[in-house]
Amino acid sequence: MPMTLIKGEYRVVGAAPDGDSTRFYPDAADAWERAGLNVRPNAAGGAQLRLEGIDALETHYTPAVGDLRNLHQPHDLGRAAAAELLRLLGFEEVVRRDDEVVTSATPATRPGHIYTRFADKYGRAVAFAYAGTSDQPDLAAVFLDAAALAGSVNQQLLASGLEYPTYYSKLFVDLRAALNGAVEEARAAGRGVWPDDVTMKGVTVDSLATLTDVAVVLPKLFRRLVDYLSINNGDVSLDGLPAYLASRDDRLVVVSTGQITGFDNVLVVDGQTVRTTRPPEDLVFIEG
């Protein structure tokens, strides 16, 4: 998969990195421009990364519409994923406030490099992240293959079981297959989210607390459920969920069948219970 190598460093103090996103500061002041990425950098040139192929349980999510704020999924697994990401990047003794903002870490910065080729609609560089330096020239065009992927934080997090695979259409098939190997290994070993995962078994939504404190489900499904609940003035009825999901029009490909459809068509809503009909690695979402 052709990508651009960008060298730099990770900084976490003052930010709220979770299990699939952190802030990266390139060595070259014009790195984002030269890489052709439309990111939204801060005053120091740092931009948020969205780590390709993975999705961690939410630690602080706010729906774009409605009255719900700062929602989370079960904290033990969400925070474990965030801690493992920072550990893999080389940070220790990380201290956070209640709102997940990091107040101190040892060391304060860590060298690293990323492989990326585009930014998402939120201005985040979609990337494979690595700790440490690279022998290749900064801003080099690199073809990232499955062998090189093994050292990425992305694949290591999937192997830990603390992340769900969540794929988008710009990810090449060979890299997706390599990531699936890590997912299968983690699931078979019963690591991380997998022993408690109810994405395909079904979650019965008795209250908002079911989603925030109890149920371990695909974060994409969690986000859509709380987006829906946020506009319902405290009513947790799922009667209107199918129509709401259809209106969101999250397009995807079901890999096993080749079908192009909507996220709503791979979900079953039965009263207050909702589940997916396919495992997460069988779904490839089409970039919005």
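The questions and answers below concern a predicted model.

Residues are numbered from 1 along each chain as its sequence is written. Because the model is predicted, local features need pLDDT of at least 70 and side-chain atom pairs count only at pLDDT 80 or more, while totals for chains, interfaces and linings use all residues; side-chain values use heavy atoms, with hydrogens and water left out.

Q: How many residues of helix 7 are buried?
A: Helices (H or I, at least four residues) and strands (E, at least two) are DSSP runs numbered from the N terminus, and helix 7 covers residues 219–230. Buried means under 20% relative accessible area, exposed over 50%, and partly exposed in between, with a 1.4 Å probe and protein chains only. Among the buried residues are Lys220, Arg223, Arg224 and Asp227. Helix 7 is largely enclosed by the rest of the structure, because the buried count is 12 of the 12 residues.

Q: What distance does helix 7 reach from its first C-alpha to its last?
A: The expected span of a helix is 1.5 Å times one less than its number of residues. Helix 7 has 12 residues, and its reach is close to the expected 16 Å. From first C-alpha to last, helix 7 reaches 16 Å.

Q: Which residues touch the most other members of the largest nonpolar core?
A: A nonpolar core is a set of buried Ala, Val, Leu, Ile, Met, Phe, Trp, Tyr and Cys residues joined through side-chain atoms within 4.5 Å. The largest one has 85 residues. Contact means heavy atoms within 4.5 Å, and Leu49 touches residues including Trp32 and Ile114. Those that touch the most other members are Trp32, Leu49, Ile114 and Phe128.

Q: Which peptide bond is cis?
A: Most peptide bonds are trans. Pro107 lies in the loop between strand 6 (102–106) and strand 7 (109–119). With omega near -10°, the cis bond is the one from Thr106 to Pro107.

Q: Is Glu100 buried or exposed?
A: Glu100 is in the loop between strand 5 (92–96) and strand 6. Its phi is positive, about 80°, although Glu100 is not a glycine. Because its relative accessibility is 5%, Glu100 counts as buried.

Q: What is the phi of Leu139?
A: Most residues other than glycine have a negative phi. Leu139 lies in the loop between strand 8 (125–131) and strand 9 (141–143), and is buried with a relative accessible area of 17%. Although Leu139 is not a glycine, its phi is positive, about 65°.

Q: At what angle do helix 4 and helix 5 pack?
A: Two packed helices are described by the angle between their axes and the distance between the axes. Axes are lines fitted to C-alpha atoms, for helices over the stretch in contact, and angles run from 0 to 180 degrees between N-to-C directions. Gln155, Leu158 and Ala159 in helix 4 meet Ala178, Leu179, Ala182, Val183 and Ala186 in helix 5. The axes are 7 Å apart, and the angle is about 25°.

Q: How far apart in space are Tyr25 and His113, C-alpha to C-alpha?
A: Tyr25 is in strand 2 (residues 21–26) and is buried, with a relative accessible area of 8%. Tyr25 and His113 are 88 residues apart in sequence. In space, C-alpha to C-alpha, they are 9.5 Å apart.

Methods: Lists of a residue's contacts leave out its neighbours within four places in sequence.
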